[in-house]
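Hi,

Here is the structure I promised to pass on. My notes on what turned up in it follow below.

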Amino acid sequence: MSSNEGTPATAGRIEKIATTPDWYAPYLISQAVRAGGFVYVSGQAGFTEDGTTVAGGFLAQGRQAFGNVGRVLEAAGLTFADVVKVGIYVRDMATNLPHVIALRGEFLAEPYPADTLVEVVSLAQPDWQIEVEVIALDRSAA
């Protein structure tokens with residue numbers, strides 16, 4: 001499927017959403033796509049634009065991951081208030097569940113989006129502890 005950057009959201013079209021710089025371009029992944037009245041944001045982890053994993057443990061990585069999601073949403077003209085579904089992947093559920101709840105409270109608000117929380121054995125990089133993906137309602141498509 002091709003990118004329709006700069007094209008208004010239209011039924012049947014898929015538009016690539018990207019920040020500058022686009023930290024996912026080398027991996028052949030869209031940071032997000034706009035399609036069918038929604039924006040689908042790819043999983044974001046606790047890394048900076050240059051791919052460096054942030055120091056400071058789970059909460060620092062979680063804040064960076066949510067911050068990365070926020071930057072991609074902003075590039076799409078959206079905010080966390082538009083998010084209808086969240087997927088959170090963590091490496092150690094028992095230790096980090098309270099931190100996940102705290103992160104939800106920092107970045108999300110009532111009505112809280114639907115959410116899936118999954119413990120995984122590993123993520124794309126061995127030092128990543130959390131990855132966050134979202135689906136947001138594209139109100140401009142109405």
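The largest nonpolar core has 31 residues, and the members that touch the most others are Leu 73, Ile 88, Val 132 and Val 134. Such a core is a set of buried Ala, Val, Leu, Ile, Met, Phe, Trp, Tyr and Cys residues joined through side-chain atoms within 4.5 Å; buried means under 20% relative accessible area, exposed over 50%, and partly exposed in between (1.4 Å probe, protein chains only). Two or more residues each come from β3, α1, β4 (83–90), α2 (93–107) and β6 (130–137), with α1 giving the largest share, six. Helices (H or I, at least four residues) and strands (E, at least two) are DSSP runs, numbered from the N terminus. Leaving aside residues up to four places away in sequence, Leu 73 touches Val 41, Leu 78, Thr 79, Phe 80, Val 83, Val 134 and Ala 136 (a contact is heavy atoms within 4.5 Å).

Before you go further, please note that this is a predicted model: local features need pLDDT of at least 70, side-chain atom pairs count only at pLDDT 80 or more, and totals for chains, interfaces and linings use all residues. Residues are numbered from 1 along each chain as its sequence is written, and side-chain values use heavy atoms, with hydrogens and water left out. The mean pLDDT (the predictor's confidence in each residue, from 0 to 100) is 92 for the protein chain, and 92% of its residues reach 70 or more. Over residues 1–7, though, pLDDT is below 50, and this stretch has 13 contacts in the model beyond near neighbours in sequence.

On to α2. Its buried residues are Met 93, Asn 96, Val 100 and Leu 103.

Rings of Phe, Tyr and Trp (its six-membered ring) pair if their centres lie within 6.5 Å; planes under 30 degrees apart count as stacked, over 60 as edge-to-face and the rest as tilted. Trp 23 and Phe 47 are edge-to-face, because their planes are at 75°, with centres 6.2 Å apart. Trp 23 is buried at 8% relative accessible area, and Phe 47 is buried at 4%.

Best wishes
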